[in-house]
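Hi everyone, thanks for coming. Please have a look at the model on the screen, and then I'll walk you through a few places in it.

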Amino acid sequence: MQCPACQADNSDSHRFCAQCGASMAARVGAERRHLTVLFCDVVGSTEMSTRMDPEDLRNIMRGFEDDVSRLVDQHGGFVARYMGDGVLAYYGYPSAHEDDAERAVRCALELIETAGTEEVSLRVGIATGDVVVGDIVGVGSAQERSVVGQTPNLAARMQSIAPADGVVISQATHDLVGELFEYIELGDQVLKGFEHPVPAWQVRSERKGVSRFESQRSQSGAFYGRQDELEGVIELCESALEGRGQIVTVTAEPGMGKSRLTYEVEQRLGNRNLQIAQFNCSPHFNNTALYPVSSRVEFESGFANGDTVDEKMAKLEEFLENAGQGSLRYVAALLSLLFGERYEMAPDNADQQMEQTLKAIENQILKMATAKPLLVLVEDLHWCDATTLDLIHRVAQQIENLPIVILTTARPLASVPWRELSYATEIELTRLDNEACMQIVDQLAGPGVLDDDITDQIIQKADKVPLFVEELTKSVLVSLDSLRVPNTLQDSLMERLDLLADAKEVAQIGSVLGREFSRELLAMIVPVGTPLELSLDKLVDADVLEVNEARESTGSTFRFKHALLRDAAYESLLNEKRRELHARVAAELENNFIEILNRQPELVAHHLTQSNQIRKAVVMWQRAGMQATGIAAYPEAIDHFRTAVDLIPQLGEGEISVVLEIELQGMLGNAISRSRGYAAGEVETAFQRELELSQKLGDRDKFSALRRLGTYYIVRADFELARQVTDECLTIAEALDDPAFLIDAYNALGHVQAYTGELAAGRVSLEKAIAIYKDNLGSSLTYVTEQDPAMSALALACVVAWLMGDTDVGAGYKEELLSSAQAAGSPFDNAYANTWAAVFETLRRNFPLASQHAYTAMTLGSKYSLALWERFSAVLHGCAQQTLTESSDQTAIIGHNVEGYVATGAVLVEPLLRALHARSCRDVQELTQANQSVDQAIAQAKMHKEMFLYPQILQIKADLNLLSDASQDADRLLRD
C-alpha cells in the first residue's frame, strides 16, 4: 500500500512508512469490508510457561511471532494484533486481493509446516465475512485498527476446535476456496456465543494438479454465448493436430469465460487420439521459476505427502521413462530432489543448469508430439513467471510443422512474446448478449423460476459478464431480494479499488452519486483539497471509470465500468458516511442543480431517502410520481408512489401522515389502474387503504376513496358492491352540491345501471352527468379520479344510445368523446376514447372506422403500457380486420388478446369479447371453438348479471345453432 504522506510503496503489514516514517494509519478510515480473519494460537502455552525458563519461553515466542509476521506478509495479509500466545491477521484489509481467502489458507498451512517446532504446536482458525474495520484504538505504539463483527469471533472459535498443528475454516471460507485444498468435513459444531451449530472444515493440504477454474467454478450445464469463439478455436486446433502447429491466446477481462472456453475445447477434442498437457499459473508463485511446470510434473508423477526422496525419484523415473537420464537429472533438480550415487550432477553454473533444464523440458514436450498429437493448455498467462513464459515461447517457435496446439488464456496487457509468429492467433472475449445471459440465469435457477424483472436486474447489474451473471443469480436464489455484491466477487472488486490509494475515496464518493455522475456535481461533494483531476485520471486509467463525454467539457460525465464495481465501492462505506454524503448530494441538487431537480425529482428523492430525510423524501417521491404520470410513464409512476407509501410509517402517526398517505394511495391506485387495468389486485389494496384512512377525515376524502373503489368493483363486474358504493357517492355529492362530484357520481351510477341491463335508467344517469358537465363548462372542475368522468359518461352513452335505437345521438356522443380526448391530450384518455369509439362502430358494423379507432387505441396502449386498453382494442381491431380482409389469420390473435384482457383482472365486457371471438371463429368455420367461446360469454354474463349487450351475444349463439341445424334452439334464443 502507498504512504499517505510520501506515496512510497509499503508492505500491507507496515504500521509506519519505511521511507518517511509517517503513520500508515492515516491512509484509510473505518470501512465495511469483506474480510478473511486468521487466528493462530500456540497449543499449551500455559503449560509451557510452568516448565520453561522465562527467557527460553521468550525466545520461542519471539521466534513464533517473527515467523507469523513474515509469512502473513508474504501472503499479502496484515498482522492486526499480537495477543500473548496468539496472533490475529486480516486478509482483505487494508488492501484486498481477489483470492484473500486462499491466501489465508495457504499462509496457515505454511505456518503449521514452518513455524511449528518440537517445542511449539499451533492451531489455526479462519473465517470470512462482513465487518467494520479501520477505527484506530489505543495510543502510541499500542495503536491498532479494530474490527467489529462476527467474523473475528468465528475465527477464534474455529481455532479452538482445531487439532494440534491443524487448520480449521468456516463454511464461508470453504465456499470461496472451493476444491483448491483437501479437507476433512467436521460437520456442524456447537460453538460458544453462536445460537446455531456452525459448519466447519479441517484443511489437510493443497490439492495438486487442479486449476483454479476446476476447483472453484462449475463445468456443468450448457455453454452459452461463445459458440463462434469456440468453433474458431476448434478449427485452429484441428489444423494444428493435422501437423500445422498453432498457438492460440484467448484474452479477456476476469469473469468473461476464458477458462470455460478452454474446458469446452478440451471436451470437444477429448474423443480424438491426442495427449493433453496442462499448466496452471498461480498468483502465489508468479516469481517462482517454472512453477507451472514443476507443479504439473509433481502431480503427473503422483507425488504424495510423506513420500521419501527415493520414492519421489522412482515415481519421477516412471513418468519420464522415455526422457533419458539427462532430462531426468535436470527435472529432478528443478523439483529440489537430492541425488544419490546413481545420478551425478554435472558441475554446471546456475545459468548453465537453467539452460539445460529448459532444454530438457522443451525436448520432452516436442518428443511427446512424435508419438501422437499434443494439446498444451496454459491457464492464466498473466500470472506466469518469466522463465516459464520464455519456455513457452521457445516451444512455440518450433511447432509450425508439428501436430501441436498451444492454447493459452490471459487477461489484457499480459506479456505475449509470440504475437509475431505467423501461426499465432489471439481471440478476445467480450460481454455476452442478453439472450445468452438469460440462458445462464435459467440454467442456474430453472426456467421461469425468476421473473423477468429480477432476471433483467441481474443482467443489468452484471453488465453481461458471465461470471457476474452466475454469481448474482446464485446470490438471488439464496435471497430473492438480494442483488448486493456476492461474496465470491467482493475481494476481486475491492482489490481494484484498494490499488488506487487516494483515488479510491473519489470512487467511493462517486458511487454515492450512482453508476453515472457528472464531474460538476462530484466536484461539489469531494473534500476541499482533493486532487480531483488526478484521481479521475487514475480511475479511468485503471478501468474503474469510463468517460462518457469529452474530458475538457464542463459537462463531462463518468460511469463506473461495471455496476458491481460501483456497488463494491458503495458498500465499503459506513452507513453513517453514506447518509452524510447523500445529504450533501441532495442539498447540492436542490440548491445548485435546479434543472436536475425539475427534470429528475426522483434522483433528489433517492438521496433524501438515503440520508434519512423522510418527510422531504416522501414529498419528492410524490412529485416524481405525479411528473411520471403526466407523461404517461405509468410503471415509473407506480414505483415512485409505492416508494413514498413505504416511507410513510417512518413519519410516525399524525394528521400529516394520514393526509399524505391518502393522497399517495389514491395516486398509486390510479397509476396501477391505468397501467395494469382497473381490476388489478393492487388497485383494490390501494383504494381500500385510502378508504380506511379517509374515515378519519371528511366526506370529500371519503368520496374520493369510494369513487375510486367503485371503479374497481365495476370493472370486476361486482355490481352489488359497485351499486352500494355509487349510491353512497351520490348521497355525498348531493349533500356537498359539488358539480364535479355530481358528474362523477351520476357517471358511476349510469355505468352500473347500463351494465346490469337497465339501459333506460343508465342512459338517464349518464346524460345527467353530461348535462351537469356542459352547464359548468366555464368553471374549473377538479375531479377525484385522473380520468375525466364526463368523458367516461360520453363513452358509454354513445353505445347505450345506439342500443336504444338512437344511432344519430350515439354518433354525436362519439364525436364529442373523441374531441374531448384530443383536447385533453392524455395518451390514456385517447386510448380509452378510441376503444369505445371502436366498440360503437363495431356494433353498427362500420368496420373500416372500427379498425381505425381500434388501431389508434392499440398503438397508444402498447407505447404507454396501458395493458387493459391495448388488449381490449386489439380484439376489436382483429375482428374488423378479419371482416375487411376475409382472413382467418386474426382468429388466434383475437383469442390471445381476449385472454390477455382477462389476465389484467378485468371481468367487465369479457362476455362481449368472447362473443366477438366466437363470431370470428364462426366466420372461418371453426364451429367447435366458436361454440365454446359463445357459451363462455353467456355463462359469464349470467354469473355476473352483466346484461349489457346480452341480446347481441344470444344472436351470435343463434347463428351458430342455425349452422348446426339446431333451428329450434335458434328460434328460442332469438325470442329471448
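This is a predicted model: local features need pLDDT of at least 70, side-chain atom pairs count only at pLDDT 80 or more; totals for chains, interfaces and linings use all residues.

Residues are numbered from 1 along each chain as its sequence is written, and side-chain values use heavy atoms, with hydrogens and water left out.

Let's start inside. By a nonpolar core I mean a set of buried Ala, Val, Leu, Ile, Met, Phe, Trp, Tyr and Cys residues joined through side-chain atoms within 4.5 Å. Buried is under 20% relative accessible area, exposed is over 50%, and partly exposed is in between, using a 1.4 Å probe and protein chains only. The largest core here has 183 residues, and the members that touch the most others are Leu522, Tyr755, Trp836, Trp869 and Phe872. Apart from that one lies another core, of 40 residues, with Leu290, Ala332, Leu335 and Leu366 among them. In soluble globular proteins, nonpolar side chains tend to be buried together.

So which residues does Tyr755 touch, leaving aside those up to four places away in sequence? Taking contact as heavy atoms within 4.5 Å, the list includes Ile714, Phe719, Trp836, Val909 and Phe948, and also Lys945 and Glu946. Please remember Val909, as we'll come back to that residue.

Now to the charged side chains. A salt bridge here is a side-chain nitrogen of Lys or Arg within 4 Å of a carboxyl oxygen of Asp or Glu. How many turn up in a search of the whole structure? The search finds 51.

Take Asp498 and Lys504, whose side chains meet in a salt bridge at 2.8 Å, N to O. Asp498 is buried, at 4% relative accessible area, and Lys504 is buried too, also at 4%.

Next comes a pair on helix α28, which covers residues 681-694. Helices (H or I, at least four residues) and strands (E, at least two) are DSSP runs, numbered from the N terminus. Glu692 and Arg689 form a salt bridge with their closest N and O atoms 3.0 Å apart. The two sit 3 residues apart in the helix, so about one helical turn separates them. Glu692 is partly exposed at 48%, and Arg689 is partly exposed at 28%. Elsewhere, bridges that share partners join Glu31, Arg33, Asp498 and Lys504 into one network.

Is Lys561 buried or exposed? Lys561 is buried, at 17%, whereas Asp543 is partly exposed, at 35%.

Finally, the backbone. Tyr93 and Pro94 are joined by a cis peptide bond, with omega about 0°, and Pro94 is in the loop between β3 and α3.

And here is Val909 again: this residue is not a glycine, yet has a positive phi of about 60°. Val909 lies in the loop between α38 and α39 and is buried, at 2%. Gln925 also has a positive phi, near 65°, and is found in the loop between α39 and α40. Gln925, however, is exposed, at 53%.

That's my tour, and I'm happy to take questions.
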